[in-house]
2 protein chains.
Amino acid sequence: MASSSVPRLKDVAEKAKVSVGAASRILRGDQDRFAQDTCDRVLEAARELGWRRNLLVNGIQTGRTQTVGVLIPPYDSFWVSILSGIHTRLSSADYLPITVWSGDLKHMPHFEADNQEGFRTITRLLDRRVDGIIMWPPFSLAYHDHFPELRERRVPVVVIDHRTENPVADTVVTNEAKAAKAIAKHILDLGHRRVACISSRETLAQSWALERRTSFEEAVTACGDVEMKSWRLNETGSNGAEVAYELLTDSLKPSAVFAVTDHEAAFVYEAAHKLGLKIPEDISVIGFADLDFAAQMSPPLTTVRQRPYEIGVETASLVLSRIETGEAVSDFSTSKIDADLVVRESTGPAKDRA
Amino acid sequence: MASSSVPRLKDVAEKAKVSVGAASRILRGDQDRFAQDTCDRVLEAARELGWRRNLLVNGIQTGRTQTVGVLIPPYDSFWVSILSGIHTRLSSADYLPITVWSGDLKHMPHFEADNQEGFRTITRLLDRRVDGIIMWPPFSLAYHDHFPELRERRVPVVVIDHRTENPVADTVVTNEAKAAKAIAKHILDLGHRRVACISSRETLAQSWALERRTSFEEAVTACGDVEMKSWRLNETGSNGAEVAYELLTDSLKPSAVFAVTDHEAAFVYEAAHKLGLKIPEDISVIGFADLDFAAQMSPPLTTVRQRPYEIGVETASLVLSRIETGEAVSDFSTSKIDADLVVRESTGPAKDRA
DNA sequence: CTGAAAGCGCTTACAG
DNA sequence: CTGAAAGCGCTTACAG
């Protein structure tokens, strides 16, 4: 039957017949300094009124809001798991994430359409005084562009899957080189010597794709007698099916294809189906990420299982420790998380060794 | 080269040689009352210092933080699209979502393990003074349980896909009855007369499943000469494959199965495959939701496409308008969003009409 | 046209 | 052991 909606500390203090200061101290646990009896009265009053500290006040007093801005959309199961790791880790430290992503998820490329827009989004978060920010590649670009203005806010930023020449933030990535070697070994061990790679668009926001492809190329060509050739999608990423088709019908006549993510692997499946090529009898296909649909494909896709949940946890831990330290950093760190080859049924021995 | 990290209004005022009050008014756009020259100085100073209003202060002064708590995990593509709709709508009103979900997404049932935990989560949001809350069913249960304590906070709550006898919040749901009729009509038109339904667990948090199944049963049995029987999963939802198997081998010998979501439909596919039953030749299967994998199944699944993005937008609009109005509501509303039958290849004519 | 003052809800030295 | 006062960053009647 309380008439005022939200009880103030003043109400508690009055009810317990103590000063606001005393009430504040007692409710913060500073109980040694007060008479048992006083403490009881205050605690009881607070309970009865249902008083809860206004965390916003803490925010303006300490400069810490215990919130972290998270600029990652649930693009696919990889990013969803990353988000899961972030949320869990943040939650365990009693931090809350504030997430921003607008636009229909079906048209994800929009997320990188406009660095100006990205900057505005980052600014909105900063206006809310988030203690730190975690972002995926497209926003990292916007951040990089506006770094001079943003740096003065001294808000730690951790970026996932995005590396640049002059890093302006801590970074967490998958250990691409190591994974590439494992894939190359798997393919070469099966006897494949004509190898294709289908990459994604390799836009600025996809430095991971660039690195993944080149790491793979290096690892494969380290073995002398291999022919290999790489393809990539167009600017908008709309021609996956065509590129896959082109690749399979190329004069190289590849017996194995490495797709930079499972998404591209799906295009290869599609094209192979159209061409009447059997997987893995005619063509071996290997993906990357182990997205939720990979095991369901027919045949089940051989791929590299990244550790998105771990990436999320690691990323969150990194921001939290940067927040903790509170110092402006100049030497940004890079954490590399391993990934594991998962051999399923889309890869098999090369029939010919022409 | 600013030495102090974040500029205060005081700094701006000093730089522009005006009082803090004047600076505040000018920066809020109250420029008519001030000399053009003064305005320019203040605006310029603010720009140079990179001053940005501390939104937390607004929060404590007005009692409005322009944030909405969102208790929805990205469980599957249905919920992801809902989140997308919510984020977009909220963003357009310059509100920001604060999302909470912990626990590994792989073990989603945890979300409903503990209403006490759910209550604590809601409380954490409230402590941050969110202006409103949107939640999915498992949290709705926690909210319902603790409604008496929570009501005093006067924070509007909108619940998705959860209906109870005594609603304690506005609700947005799919128009189950209408969808059920469309499905029933489709199945009956194809000549099926022995119909099975596989529901989910139908826990308290799955009132939608209960309603969906019963709506379907009603719609089907409205046609006189039909035999129908329903199954549902066990408490933990772990026996989908077995239930599907059981259903297909039941003495009913159903020629069509309606699965309460595409997830259950996938179990039916699996069981049919094991039994050597062809879809749709031997058994027609129809799902619900049109999840991201539905069109990829073989054969592509006939299902009901819900409108999650629209549900998200509608839900967000509802909280926003409740926040706007600011009054405690007693007559909670229920919005029903339509869903559309998508006929693909998993349903076909009944061969026999025994 | 502009400033001084009180206030939002709470915390924390500083007195007593 | 407890209270009065100043302060966090900003806003807004109220004076002048």
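## Basis of the model

This is a predicted model, in which local features need pLDDT of at least 70, side-chain atom pairs count only at pLDDT 80 or more, and totals for chains, interfaces and linings use all residues. Residues are numbered from 1 along each chain as its sequence is written, chains are lettered from A and ligands numbered from 1 in the order in which they are written, and side-chain values use heavy atoms, with hydrogens and water left out.

## Surface near DNA strand C

A residue is near the strand if one of its heavy atoms lies within 4 Å of it. There are 23 residues around DNA strand C, and those that come nearest are Arg8(A), Leu9(A), Ser24(A), Arg25(A) and Gln61(A). By class, the surface comprises nine nonpolar residues (Ala, Val, Leu, Ile, Met, Phe, Trp, Tyr, Cys and Pro), seven charged (Asp, Glu, Lys and Arg) and seven polar (the others, Gly among them).

## Polar contacts and contributing helices

Polar contacts here are pairs of N or O atoms within 3.5 Å. The side chain of Gln61(A) places a polar atom 2.6 Å from a base oxygen of DNA strand C. For Arg33(B), a side-chain N or O atom is 3.4 Å from a base oxygen, whereas Thr38(B) has a side-chain N or O atom 2.7 Å from a phosphate oxygen.

Two or more residues each come from helix 2 (20-27) and helix 4 (55-62) of chain A, and from helix 2 (20-27) and helix 4 (55-62) of chain B. Helix 2 of chain A gives the largest share, four residues. Helices are DSSP runs (H or I, at least four residues), numbered from the N terminus.

## Domains of chain A

Chain A is assigned domain 1 (9-53), domain 2 (64-174 + 309-335) and domain 3 (176-306), with bounds from an automatic or database domain assignment. Taken over C-alpha atoms, the centres of domain 1 and domain 3 of chain A are separated by 65 Å.

Notes: A polar contact is a pair of N or O atoms within 3.5 Å; within protein, one must be able to donate a hydrogen and the other to accept it, and residues adjacent in sequence count only if both atoms are side-chain atoms.
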